[in-house]
Amino acid sequence: MIDDSRPLRSVLYMPASNARALAKARSLDCDAIILDLEDAVAPDLKAQARAELAAQIRAGGFGHRRLIARINGMDTPWGEADLAALADSLPEQEPEAILVPKVSDAADIAALSGTMDRLGYRPSVGLWAMIETPRAVLGIERIADMAGSTRLSGFVLGLNDLAKDTGMAQEPGRAAFVPVLVAAVLAARANGLVVIDGVCNVIDDSALLEAECTQARAFGFDGKTLIHPAQLAVTNAVFAPSPQDVAQAQAIVAAFADPANAGQGALRVNGRMVERLHRDMAEKTLAKARAIAERAA
Ligand SMILES: CC(C)(COP(=O)(O)OP(=O)(O)OC[C@H]1O[C@@H](n2cnc3c(N)ncnc32)[C@H](O)[C@@H]1OP(=O)(O)O)[C@@H](O)C(=O)NCCC(=O)NCCSC(=O)C[C@H](O)C(=O)O
Ligand SMILES: [Mg+2]
């Protein structure tokens, strides 16, 4: 079940080897941080970054920002050591989830989750999977179904790797990726998983970023992964309920609470037909808006 009181609009990657970025993380307006040991860290800095990541999480001070640690793939020389080092070095404070790249199929999830159990990760630490290989896309329903029997609790799209492996074009509008985006949201929602869109590689084009965020929000994503602090404001704004969303949600909740409408299944509110399912959606909108407002206060 997705917790609307803990928004995940903006999920900022930062290389665990970049001490300056990590220091900055505690003051940035992001909902979550992915401390990355994978693509953002050069091979000869992997061990140093692993130690830095553990030290940063142990130091704390991230406030409301949810912490996710992206390890290297289990088929690389570093993946197993990443998972073991995080388990060993974080007895007091652990990331909310371990994000695993290049997942291929459901068996990968079962194996990773079992390894986390054996290494002594607390049950509260989830497993998020990067959806970034053709095989993962083709098997996404079977992967998502693992949520019932493993730690799997989220999907993050990796469209750069998917483009690399398929030749799909990363163009404005993302036409080639639309089926993937829709499949990811459906598989995630059918299994109560968080689902976060891939990154926009262009740092200085806020119109392009806004278009991607608007598309992702319309498709049902919780939020978007980001690579630079300059992308935070647009992303946070697009994925937050707008003042109009909030006003309509309040009107819907009020209409159903009005004794004059007792026993009604469908009502007319501001010219629209609304049913009890819309009241449920309106309550979620208000919960998210409240959480964002409380954070800003
Ligand atoms: C992309 C960058 C290498 C750009 O770096 P640079 O040009 O040096 O940035 P700026 O000079 O503009 O930085 C300004 C200040 O902001 C801080 N900063 C920059 N990026 C981050 C960040 N991600 N988190 C926190 N803080 C950040 C700088 O330290 C500067 O601070 P100050 O000196 O105090 O002014 C760089 O932005 C970067 O490394 N970004 C993250 C790259 C990354 O993590 N990549 C991996 C994830 S993406 C991915 O893997 C996708 C997926 O797997 C797929 O397949 O699609
Ligand atoms: Mg990737």
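## Terms and model

A residue is buried if 20 or more other C-beta atoms lie within 10 Å of its own, exposed if 12 or fewer, and partly exposed in between, with C-beta atoms placed from the backbone. This is a predicted model: local features need pLDDT of at least 70, side-chain atom pairs count only at pLDDT 80 or more, and totals for chains, interfaces and linings use all residues. Residues are numbered from 1 along each chain as its sequence is written, while chains are lettered from A and ligands numbered from 1 in the order in which they are written.

Helices (H or I, at least four residues) and strands (E, at least two) are DSSP runs, numbered from the N terminus.

## Domains

The protein chain splits into domain 1 (10-239) and domain 2 (243-296). These bounds come from an automatic or database domain assignment. The C-alpha centres of domain 1 and domain 2 are 32 Å apart.

## The barrel

Eight strands close into a barrel. Their order is β1-β2-β3-β4-β5-β6-β7-β8, and the pairing is parallel. From one strand to the next, the twist averages 25°. For such angles, axes are lines fitted to C-alpha atoms (for helices, over the stretch in contact), and values run from 0 to 180 degrees between N-to-C directions. Two strands pair if DSSP finds at least two bridges between them.

Strand β4 (residues 97-100) pairs with β5 in the parallel sense over four bridges. Here I98 has L127 as its bridge partner in β5. Strand β5 (residues 126-131) is joined to β6 by five bridges, again parallel. L127 has L152 as its bridge partner in β6. Three bridges then link β6 to the parallel strand β7 (residues 194-197). In this pair, F155 stands opposite V195. Strand β6 (residues 152-157) is mostly covered, with five of its six residues buried.

## Around ligand 1

Which residues come nearest to ligand 1? They are Y13, A40, G158, N160 and D161, out of 22 residues around the ligand. A residue is near a molecule or strand if its C-beta atom, placed from the backbone, lies within 6 Å of it.

Three elements each supply at least two residues of this shell: β1 (10-15), α1 (19-25) and α7 (159-166). By class, the shell has 12 nonpolar, four polar and six charged residues. Ala, Val, Leu, Ile, Met, Phe, Trp, Tyr, Cys and Pro count as nonpolar, Asp, Glu, Lys and Arg as charged, and the others, Gly among them, as polar.

## Helix α10

Helix α10 (residues 232-239) has V234, T235, N236, V238 and F239 buried. The buried residues of α10 pack against β1, α9 (206-219) and β8 (223-226). Contact means C-beta atoms, placed from the backbone, within 7 Å.

## Single residues

R174 sits in the loop between α7 and α8 (178-190). Its phi is positive, near 50°, in a residue other than glycine. R174 counts as buried because 20 C-beta neighbours lie inside 10 Å. N270 lies in the loop between β9 (266-269) and β10 (272-275). N270 is not a glycine either, yet its phi is positive at about 50°. Is N270 buried or exposed? N270 is exposed, because 10 other C-beta atoms lie within 10 Å.

D88 belongs to helix α3 (residues 79-89). It has 11 C-beta neighbours inside 10 Å, so D88 counts as exposed. D88 and V100 are 12 residues apart in sequence and 18 Å apart in space, C-alpha to C-alpha.

How values were computed. Two residues are in contact if their C-beta atoms, placed from the backbone, lie within 7 Å.
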